[in-house]
Amino acid sequence: MALQITGKNALVTGGSRGIGRAIALTLARAGANVVACHRRDGDAVDSLARELKGIPGDHHVIRADVTDPAQVAHLVEECRTRLGGLDVVVNNAGVISHVPYADLPEDEWHRVIDTHLTGAFTVIQKALPLLGEGASIVNIGSRVATVGIPTRAHYTAAKAGLVGLSRSLCKELGGKGIRVNVVEPGVIETEEAAKLPPEKYAQLQARYQALTSLGRLGAPDEIGDVVLFLASDLSRYVTGATIPVDGGI
Ligand code: NDP
């Protein structure tokens, strides 16, 4: 039987699409009650809500921008009133941005840092009163935090910052029995990648197939499965870890 975390309450940010959607659905299918947040309304949100409705449990899809502390406070309050508390917090919300460093506008730097790093800071700080012994915080980083990548200095800095935040927090919260870990995806095939023109998509696949030991891109639910492990008590002695999930780049 697949790993179950029945009755745990989980918050997943950026749950409407891609990796966040897979994480939300994986945790829900494993028996968790899930609150997934998103920034914009649309088909992706409706589709997630429909899918969650078909899975037993107390699930909610709530609009909240992680860069707005008031909206995060509202989101966490909803977790408290609807679920009664939280056991798992997954900071996944993210934005993609490619700009050469010399041309990087200051507001784009801030947009990326605010979403990936300050967003995680805000969500964790506001969720802390709801977290107790055995709780698990999972921050979705990126393999680029270790290896670097051109045109993504702002993104890489944010993801590297997330690792530092997690390592310090694991020490600060360890005494309360709260674990903090980072999952670093490699190249994951989300709906966005599949929307590329066929020629570009084939190029992307060929490039990353050659880069990985397993010879393929990752699937969103392969990140979801590692998050499920970190959310579960099977990982009860794992904290301060940074786990690459990249097919062996
Ligand atoms: P997507 O662009 O497919 O989805 C991003 C999600 O985050 C959406 O649900 C989006 O909601 C949400 N979001 C964005 N900004 C905010 C915000 N300010 N507040 C709340 N929600 C927000 O991204 P991926 O699934 O590809 O990536 C998910 C995470 O994984 C990111 O942190 C990314 O950096 C990381 N990652 C992804 C890799 C990949 O190959 N895909 C590789 C390495 C790391 P909305 O649609 O409403 O904007």
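The chat below goes through a predicted model, from the ligand shell to the strands and a few single residues.

Biologist: Before we start, what sort of model is this, and how are residues numbered?
Modeller: It is a predicted model, in which local features need pLDDT of at least 70, side-chain atom pairs count only at pLDDT 80 or more, and totals for chains, interfaces and linings use all residues. Residues are numbered from 1 along each chain as its sequence is written.

Biologist: Which residues are closest to the ligand?
Modeller: The ligand is surrounded by 30 residues, and the closest are Gly14, Gly18, Arg39, Ala93 and Gly94; a residue counts as near if its C-beta atom, placed from the backbone, lies within 6 Å of the molecule.

Biologist: How does that shell divide into nonpolar, polar and charged?
Modeller: The shell around the ligand has 11 nonpolar residues, 14 polar ones and five charged ones. Here Ala, Val, Leu, Ile, Met, Phe, Trp, Tyr, Cys and Pro count as nonpolar, Asp, Glu, Lys and Arg as charged, and the others, Gly among them, as polar.

Biologist: And which elements supply at least two residues of the shell?
Modeller: Helix H1 (18-29), strand S2 (33-38) and helix H4 (106-127) each do, and H1 gives the largest share, with three residues. Helices (H or I, at least four residues) and strands (E, at least two) are DSSP runs, numbered from the N terminus.

Biologist: Is H1 mostly covered or in the open?
Modeller: H1 is mostly covered, since 11 of its 12 residues are buried, including Gly18, Arg21 and Thr26. Buried means that 20 or more other C-beta atoms lie within 10 Å of the residue's own, exposed means 12 or fewer, and partly exposed is in between, with C-beta atoms placed from the backbone.

Biologist: How far does H1 reach?
Modeller: From its first C-alpha to its last, H1 reaches 17 Å, close to the 16 Å expected at 1.5 Å a residue, where the expected span is 1.5 Å times one less than the number of residues. Just after H1, Gly31 takes a positive phi of about 105°.

Biologist: Back to Gly14, then: where is it?
Modeller: Gly14 sits in the loop between strand S1 (9-12) and H1, and it counts as buried because it has 25 C-beta neighbours inside 10 Å.

Biologist: What does S2 pair with?
Modeller: S2 runs parallel to strand S3 (residues 60-63), to which four bridges join it, and two strands are said to pair if DSSP finds at least two bridges between them. Within that pairing, His60 of S3 is the bridge partner of Val35.

Biologist: Which helix goes with those two strands?
Modeller: Helix H2 (residues 43-53) makes a right-handed β-α-β unit with S2 and S3; right-handed means that, with the strands pointing away from the viewer, the path from the first strand over the helix to the second runs clockwise.

Biologist: Changing topic, is S6 enclosed or in the open?
Modeller: Strand S6 (residues 179-185) is largely enclosed by the rest of the structure, because seven of its seven residues are buried. Arg179, Asn181, Val183 and Pro185 point one way from S6, while Val180, Val182 and Glu184 point the other way.

Biologist: And which strands pair with S6?
Modeller: Strand S5 (residues 136-140) pairs with S6 in the parallel sense over five bridges, with Ile140 opposite Val183. Strand S7 (residues 242-245) also runs parallel to S6, joined by four bridges, and there Thr242 is the bridge partner of Val182.

Biologist: What about H8, covered or open?
Modeller: Helix H8 (residues 198-211) lies largely in the open, because the number buried among its 14 residues is one.

Biologist: What is the phi of Thr151?
Modeller: Thr151 has a positive phi of about 70° although it is not a glycine. Most residues other than glycine have a negative phi. Thr151 is in the loop between helix H5 (144-147) and helix H6 (153-173), and it counts as partly exposed because it has 14 C-beta neighbours inside 10 Å.

Biologist: Last one: what does the UniProt record place at residues 8-190?
Modeller: The UniProt record, an unreviewed entry, places the feature "domain: Ketoreductase" there; positions are given in the numbering used here, feature names are shortened, and annotations may be inferred rather than shown by experiment. Over residues 8-190 the chain in this model is 46% helix and 16% strand, with the end C-alpha atoms 27 Å apart.
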